[in-house]
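Let's take a walk through this protein, from its overall build down to a few individual residues. Have the viewer handy.

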Amino acid sequence: MRPSLYIHIPFCIRKCEYCDFYSGVATEQDIDAYLDALEREFELRFSDRIAPATVFIGGGTPTRLSAKQLARLGELLHARVDLSDCREFTCEINPGTLTPDKADALVAMGVDRASFGVQSFKTKYLGGLGRAYEAGTATAAVEMARSAGIRRISMDLIFALPGQTLQELREDIDQALSHGTEHLSFYALTYEDDTPLTRQLLNGELQPCPEELEREMFTLVGDTCAAADLQRYEVSNFARPGAECRHNLVYWTLGDWHGLGSGAHGMIGGEITAVAADYKVYTRMIGEGTLPFSRREKLADISRAETLLLMGLRLTRGVELARFEQWAGASFATLCGEKASALERQGLIEISPTHVRATPDGLMVLDSLILELASSLETTV
Ligand code: SF4
């Protein structure tokens, strides 16, 4: 399988209240300089054009770029990337930033899949999250993307919002489904360190969603999507048959991908790369002809097996045991047998001759389940 390609655009209109991703506010000149640096990064890293299996442009907010800047990004990509055999080209879109010109620029770039960060269809929750648009904007943006010719539409939504009811979540799911969306992602709100939202929580200014209600919401999302023929294929992701995100499947199965741009991560043949998460440092170093990697490390095979377990158990099809064994140097049963049997008895995982997978109950406690299994490998690492 040819490596995929991820490009990070670390710019946003403003910072959302819950966000701890690497992104920031920048001037037009900063963005122009960033695109120059991105072009140079391609030249420094690849002597020839690359032909990725899939491409994903994420952020940040890629559509924070102007239509002209997106067209420039498209030109530099076409010069350095052979897209003739690309199986999927996704761009993340913040609904409040899309215009018809930008949608046209994305199509000219080769984008065939739009991933909309909708988060909620209700203005009162969008305001609480600090999202820079109102309810209704997402609907218009999806229509704009479709009119420009982007057929594949995905939406991200957040649940377990402070004060959110089951009925309100049901309405959000129904509204997302009403767009004929082929792919939906649902994430429970998390309170990351040092975000404005977490400070509000710590100051007692908001009440988190009760755990029991969050579990009911998780179940509601799965049941409602399944009834609409969108099957859960990853703990937070649902798709019509054949509409799974091919790019993200590369991450979850620990395939190979190049990560370019400030803050991007990549993995080729077990070597992890991370590009400096500071676009000014990135632009300056690239200008000096230096690749600004903040991490470049070849994973030991057993760490690769552990990472495969960590990522692959998120998938409902689970982890391929032969692939695990190839890196772990011993079978899953040998390395994790005791812990795995206990988890199997609790109904949290299932082990077949070819795969280990989390059950629906297991998916609800996935983090602790993964920690439990990974601890079996600790002594080996
Ligand atoms: S748009 Fe996305 S990346 Fe930007 S601040 Fe909001 S959540 Fe973070």
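## Before you start

This is a predicted model, so local features need pLDDT of at least 70 and side-chain atom pairs count only at pLDDT 80 or more, while totals for chains, interfaces and linings use all residues. Residues are numbered from 1 along each chain as its sequence is written.

## Overall build

The protein has 15 helices and 15 strands. Helices here are DSSP runs of H or I with at least four residues, strands are runs of E with at least two, and both are numbered from the N terminus. The C-alpha trace spans about 60 × 50 × 40 Å along its principal axes.

Its radius of gyration is 21 Å, which agrees with the value near 21 Å for a compact globule of 381 residues. That radius is taken over C-alpha atoms, and the globule rule is 2.2 Å times the number of residues to the power 0.38. Among contacts between residues at least 6 apart in sequence, 70% join residues at least 24 apart; a contact means C-beta atoms, placed from the backbone, within 7 Å.

## Buried parts

Buried residues make up 40% of the 381. The cut-offs count other C-beta atoms within 10 Å of a residue's own, all placed from the backbone: 20 or more is buried, 12 or fewer exposed, and in between partly exposed.

The largest nonpolar core holds 75 residues, and Phe116, Ala145 and Phe159 touch the most other members. Such a core is a set of buried Ala, Val, Leu, Ile, Met, Phe, Trp, Tyr and Cys residues joined through C-beta atoms within 7 Å. There is also a second, separate core of 20 residues, including Leu254, Ala305, Cys336 and Ile349.

Strands pair if DSSP finds at least two bridges between them. β14 (residues 349-351) runs antiparallel to β15 over three bridges, and the two form a hairpin with three residues between them. Glu350 has Arg357 as its bridge partner. β13 (residues 319-320) is also antiparallel to β15, through two bridges, with Glu320 opposite His355.

## Ligand site

Residues surrounding the ligand include Cys12, Cys16, Cys19, Lys15 and Phe21; the test is a C-beta atom, placed from the backbone, within 6 Å.

Conventions:
Contact = placed C-beta atoms within 7 Å.
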